Amino acid sequence: MQSSGNLQYRVIVGMEIHIHLATESKMFCPCPNRFGDEPNSNVCPVCLGSPGVLPVMNRRAVEYALRTALALKCEIAAFTKWDRKNYYYPDLPKNYQISQYDLPLAQHGVMEIPVDGQLKTVRIRRLHLEEDAAKLLHEGLVAASHVDLNRAGTPLMEIVTEPDLASADEAHAFGSELRSLVRYLGVSEANMQQGQMRLEPNVNLAIVRDGQEYRTPIAEVKNLGSLRALQRAVEFEVQRQLDEFERTGATMQMGNKSTRGWDEGRGATVLQREKEEAHDYRYFPDPDLAPVTPEPVWIEQVRSELPELPVHRRRRFVEQFGFSEKDVGTVVDDRATADLFERALAAGAPVRNLANQFISFWAMHANQRGVPIAELPVPAERMATLAAMVEQGTVNATTAAAIAEKMLAEDTDPQAIAERENLVQVSDSSEIEKLVDEVLAANPQAVADASSEGKKQKKAFGFLTGQVMQKSRGQANPKIVNELLQKKLRSS
């Protein structure tokens, strides 16, 4: 329980998530399922709602939904059907949406999310398929809305959780983990900037006052397009509902559910309407579509093809490879990048140096290009070679970063780059000793300070080390430099 004034309260959040499936065609017609094409170019009589047309189910969309449901440990329905959800809106040409109402494709699943270093289980109430509506555009100089029907009929997977999340942070963690999951499964790109994953938290509070518990009315915040917006919207709703309860005493028994929008500029939710109930949509079975009856053989085939899930892979990388909880997501959150890391290990890379390079300069270059590490033009074998070169003392970590930049610009082995650019680390003790002697002779005051006690000692030793590295043009092995300096200072 949390406290606000004289109130004790508990946050209750359930999630509804809509995810665009990465099929080539739409849910019930052959139109391309693509983002960014010329408005109203990917349409046909079916998705335009023309009279007399018949929808045809997209098998790949059903397979993608099955894949997700199995990853979430859901029960798969032996029989489900398509229903018409009736309502009028300018972005819905047919005046109904094909969805699944009382018999969803899957239900009763679970998903684990990281919370405070532990895994929390969130129950999945249901997972079903439906078609998306079109997109209304409110832009331009004319005071009018425009409709782009390219999105009408695209396959949409809806996942509904039980109200198991207890904070804005947990809602954020759930959204992040689900996005990683569907990307791992290859069922969606989940690009939130393109509307491919939309989040809708249902938020209310359990408030204890004078020993009695009250529940505030549930507010559903619609169509959040980023994880940051999700977190901020839940945080705002918690405070708004607390304030309203203190002001009016409104409870779930007294007030209806509401639908609210998110105003990013104001950082606030705004009332849109009192929430409709199921009977308002007048659901009935779609007469033009056959029921969905997944065959057990098909289900088991899909189950056998599931990859290691990100939450489990993240834990394995921490335990097996020594990643920190903070850094492991840099490698694991993108499946192709995690695969690349493991291929580099198989090619002989030492794990510690490879991990350091992934979370430092490889991640930096990927971020600068706006791509995952796996899309950098460097194969696993060459990444492995570079990591091994540091392990063997052929180059130091700073030089390795410089070599990595050249590897991105040319199709060349890192060893060849190091030799060509005269970057190979000098580990010959006799050569380094000459440089050390020259530096000691040229800096008697620093030698005296480095041989003393106190604050000056560390600073002077660092100065002498830097002078040796400068004389060697950064090529001297730092470990050998350190050992020789310590030995000579002790004997001075």
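This report looks at aromatic pairs, charges over rings and salt bridges in a predicted model.

## Ground rules

Residues are numbered from 1 along each chain as its sequence is written, and side-chain values use heavy atoms, with hydrogens and water left out. Since this is a predicted model, local features need pLDDT of at least 70 and side-chain atom pairs count only at pLDDT 80 or more, while totals for chains, interfaces and linings use all residues.

## Rings that meet

Two rings of Phe, Tyr or Trp (its six-membered ring) pair if their centres lie within 6.5 Å; planes under 30 degrees apart are stacked, over 60 edge-to-face, and the rest tilted. That rule gives twelve aromatic pairs. Take Y101 and Y283: their ring centres are 4.0 Å apart and the planes sit at 5°, so this pair is stacked. The two residues are 182 apart in the chain, with Y101 in the loop between β5 (96-99) and β6 (106-115) and Y283 in the loop between β15 (268-274) and β16 (284-285). (Strands are DSSP runs of E, at least two residues, and helices are runs of H or I, at least four, numbered from the N terminus.)

Y283 also pairs with Y281, this time edge-to-face, at 6.1 Å centre to centre and 70° between the planes. Is Y281 buried or exposed? Y281 is buried, at 16% relative accessible area, while Y283 is partly exposed at 22% and Y101 is partly exposed at 35%. (Buried means under 20%, exposed over 50%, partly exposed in between, using a 1.4 Å probe and protein chains only.) Elsewhere, F317, F321, F323, F341 and F358 make up one aromatic cluster.

## A charge over a ring

To count, NZ of Lys or CZ of Arg must be within 6 Å of the ring centre and within 35 degrees of the ring normal. R209 does likewise over the face of Y214, at 5.6 Å.

## Salt bridges

A salt bridge here is a side-chain nitrogen of Lys or Arg within 4 Å of a carboxyl oxygen of Asp or Glu, and the whole structure holds 36 of them. One of these joins D286 and R84, with the closest N and O atoms 3.0 Å apart. D286 is buried at 4%, and R84 is buried too, at 12%.

R240 and E244 meet at 3.1 Å, N to O. They are four residues apart in helix α3 (residues 227-248), which means about one helical turn separates them. Finally, E308, R313, R316, D339 and E342 are linked in a salt-bridge network.
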